[in-house]
Structures are given as structure tokens and as C-alpha cells.
Amino acid sequence: MPAKSRAQQMAAGAALAVRRGEQKASELEGAARSMYDSMSEEELEKMASTSREGKPRHDNQSDD
């Protein structure tokens with residue numbers, strides 16, 4: 001499942017970093033914390049690897 005926005009892609013990247021042990025779970029907040037709790041490493045990797053080009057900053061925005 002690809003990320004729908006830059007914010008979603010970045011949150012997935014932060015959650016993935018915790019899954020890999022590169023960051024502490026206590027540093028996560030908001031969407032990144034939810035993703036960490038509910039998604040597998042494989043799902044996070046797919047979402048985090050989505051290209052940011054052409055994506056809005058947030059899902060409800062139509063352009064940058």
C-alpha cells in the first residue's frame with residue numbers, strides 16, 4: 001500500500017526506523033506511533049519507500 005501523502009510516507013519511515021532498532025519507540029508520536037503499533041515491517045517498508053514526488057504534504061491537500 002503506497003503512501004497517499006508526504007506526511008504519511010515520513011511517519012511510516014519513522015515507524016520503520018524503530019522496527020529496525022535505529023530509533024527508540026519512545027520518540028514516536030501520533031501517526032508514526034499508530035503505524036508502529038499496527039503495521040508489520042514489510043508494510044511499513046512499502047509505505048516508506050513510496051516516492052514523494054507529486055504527493056501532497058497531507059492527504060487532504062490537492063497540491064504542495
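Okay, a bit of housekeeping before we look around. What we have is a predicted model, where local features need pLDDT of at least 70, side-chain atom pairs count only at pLDDT 80 or more, and totals for chains, interfaces and linings use all residues. Numbering runs from 1 along each chain as its sequence is written, and side-chain values use heavy atoms, with hydrogens and water left out.

So, the overall build. The chain has three helices and zero strands, where helices (H or I, at least four residues) and strands (E, at least two) are DSSP runs numbered from the N terminus. Going along the sequence, that reads α-α-α. The radius of gyration is 11 Å, close to the 11 Å from the globule rule for 64 residues, so the chain is as compact as a globular protein of that length. For the record, that radius is taken over C-alpha atoms, and the rule is 2.2 Å times the number of residues to the power 0.38. Along the principal axes, the C-alpha trace spans about 35 × 20 × 20 Å.

How much of the chain is buried? Of the 64 residues, 28% are, and here buried means under 20% relative accessible area, exposed means over 50%, and partly exposed is in between, with a 1.4 Å probe and protein chains only. As for the surface, the chain exposes about 4,400 Å², and carbon and sulfur atoms supply 42% of that. Those areas are Shrake-Rupley values with a 1.4 Å probe, and for residues only the protein chains shown count as cover.

Charges next. There are 10 positive and 12 negative side chains, and the centres of the two sets sit 1 Å apart. Lys and Arg count as positive, Asp and Glu as negative, while His and the chain ends are not counted; each charge is placed at NZ of Lys, CZ of Arg, CG of Asp or CD of Glu.

And contacts, meaning heavy atoms within 4.5 Å: among those between residues at least 6 apart in sequence, 57% join residues at least 24 apart.

Let's see some of that at residue level, starting with Ser 5. Ser 5 is in the segment before α1, which covers 6-19. Is Ser 5 buried or exposed? At 4% relative accessibility, Ser 5 counts as buried. The side chain of Ser 5 reaches the backbone nitrogen of Gln 8 at 3.1 Å. That's a polar contact, which is a pair of N or O atoms within 3.5 Å; within protein, one must be able to donate a hydrogen and the other to accept it, and residues adjacent in sequence count only if both atoms are side-chain atoms. Not counting residues up to four places away in sequence, Ser 5 touches Lys 55, Pro 56, Arg 57, His 58 and Asp 59.

Now jump to Thr 50, in the segment after α3, residues 41-48. What does the side chain of Thr 50 reach? The backbone oxygen of Lys 46, at 3.3 Å. A polar atom of the Thr 50 side chain also lies 3.1 Å from the backbone nitrogen of Ala 3. Thr 50 counts as buried too, at 13% relative accessibility. Leaving aside neighbours within four places in sequence, the contacts of Thr 50 are Pro 2, Ala 3, Gln 9 and Lys 55.

Ser 51 is in the segment after α3 as well, but Ser 51 is partly exposed at 45%. Ser 51 and Lys 4 are 47 residues apart in sequence, and their C-alpha atoms are 10.0 Å apart.

Step back into α3 and you find Ala 48, buried at 16%. Which residues does Ala 48 touch, not counting those up to four places away? Gln 9, Ala 12, Gly 13 and Leu 16. Ala 48 and Pro 2 are 46 residues apart in sequence, with 7.9 Å between their C-alpha atoms.

Over in α1 there's Ala 17, buried at 13%. Beyond neighbours within four places in sequence, Ala 17 is in contact with Glu 22 and Gln 23.

Last stop, Ser 38 in α2, residues 30-38. Ser 38 is exposed, at 56%, and a polar atom of the Ser 38 side chain lies 2.8 Å from the backbone oxygen of Ser 34. That's the tour.
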